[in-house]
Amino acid sequence: MKTFEKIYNLYDFSLKIKLETPLHIGSSSEGISPLEVDNSVIRINDEPFIPGSSIKGVFRSTLEFFLRSINEKFACDVVGEKPCIDIKDEKFKKMNTEEKIKYIDENACDVCKLFGSNFVASKVEFEDAYAKEVKVSNRDGVAIRRDSESAKDTAKYDYEVVNPGAVFETHIIGRNLEDHEAGYILSIIDLLNEGYAKFGGKKSAGLGKVRIDFEILKTDLSKIDGKFEKVHVDDSIYREAFKNRLEEIANVR
């Protein structure tokens with residue numbers, strides 16, 4: 001496993017996220033005035049945006065369920081009772097740094113190695129996504145009684161959505177990525193583009209479908225000749241490495 005004592009490569013996945021259906025990422029604050037919407041979209045400087053943490057959450061959770069469908073050993077329950085690395089384990093605590101690195105390399109799941117955990121730093125950083133032109137509208141909602149499947153009295157509410165057509169731009173920065181890990185990023189983009197994964201809340205109501213266009217820039221730090229040059233790279237090598245990795249995972253018992 002490549003640690004961060006040395007940086008071997010840097011990746012810049014430049015993304016343009018176009019909304020195909022409305023998007024709702026709530027601000028977690030309710031309006032005080034009865035004239036205000038009950039659940040507004042998150043904003044910075046009064047402009048809607050997509051937090052990098054939300055983007056990372058979608059990418060991580062999508063890779064988790066995808067890899068678990070092939071082999072559960074490669075996507076642990078990091079917040080549950082079965083993390084791939086238990087830092088509270090006495091055996092792990094007694095290891096020196098080199099032993100811990102070797103143990104993590106041999107036992108950490110692919111998801112934690114890429115997105116990080118409480119025992120290893122993330123290899124990828126997700127920036128906030130901003131759009132130049134955004135239109136927002138309000139929608140009505142109503143709570144449904146589970147016993148009668150009818151509208152609950154006095155449970156009407158409204159919420160904001162960012163209208164379809166908005167294009168948010170952002171970057172995913174990767175460090176020391178293996179080829180198959182770059183392939184993981186591309187596979188998640190594919191799943192998002194097919195509608196199998198979505199952004200934001202109220203997905204079951206059809207919100208959050210996006211179309212992502214991207215380009216990949218790579219800096220190979222093993223070939224520095226006086227300047228840090230970003231080079232456009234073809235994604236085929238990463239898709240092939242991703243395919244090979246899935247075959248390896250499927251054959252592990």
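## Helices, strand pairing and salt bridges

Lys-243 has its place in helix α6, which covers residues 236–250. In this predicted model, Lys-243 counts as partly exposed because its relative accessibility is 47%, which falls between the cut-offs of 20% and 50%. Although Lys-243 and His-180 are 63 residues apart in sequence, their C-alpha atoms are 8.0 Å apart in space.

Helix α5 takes in residues 179–193. Just after α5, Gly-195 adopts a positive phi of about 85°.

Strand β1, residues 9–19, is likewise described by its burial: 8 of its 11 residues are buried, so β1 is largely enclosed by the rest of the structure. Strand β1 runs antiparallel to β9 (residues 210–220), to which 11 bridges join it, and Lys-16 has Asp-213 in β9 as its bridge partner. Strand β1 also runs antiparallel to β8 (residues 167–175), with 9 bridges between them, and here Ser-14 is partnered by His-171.

The whole structure holds 14 salt bridges, among them the pairs in the table below.

| Pair | N to O distance | Accessibility |
|---|---|---|
| Glu-20 and Lys-209 | 2.8 Å | Glu-20 40%; Lys-209 21% |
| Arg-60 and Glu-64 | 3.3 Å | both buried |
| Lys-123 and Glu-181 | 2.9 Å | both buried |

The salt bridge between the side chains of Glu-20 and Lys-209 links distant parts of the chain, since Glu-20 lies in the loop between β1 and β2 (43–44) and Lys-209 in the loop between α5 and β9, 189 residues apart. Glu-20 counts as partly exposed at 40% relative accessibility, and Lys-209, with a relative accessible area of 21%, is partly exposed as well.

Arg-60 and Glu-64, by contrast in location, both lie in helix α1 (residues 52–68), where they are 4 residues apart, about one turn of the helix.

The salt bridge of Lys-123 with Glu-181 again links distant parts of the chain, with Lys-123 in the loop between α4 (110–115) and β4 (124–126) and Glu-181 in helix α5, 58 residues apart.

Terms used:
Residues are numbered from 1 along each chain as its sequence is written. This is a predicted model: local features need pLDDT of at least 70, side-chain atom pairs count only at pLDDT 80 or more; totals for chains, interfaces and linings use all residues. Side-chain values use heavy atoms; hydrogens and water are left out. Helices (H or I, at least four residues) and strands (E, at least two) are DSSP runs, numbered from the N terminus. The expected span of a helix is 1.5 Å times one less than its number of residues. Buried means under 20% relative accessible area, exposed over 50%, partly exposed in between (1.4 Å probe, protein chains only). Two strands pair if DSSP finds at least two bridges between them. A salt bridge is a side-chain nitrogen of Lys or Arg within 4 Å of a carboxyl oxygen of Asp or Glu.
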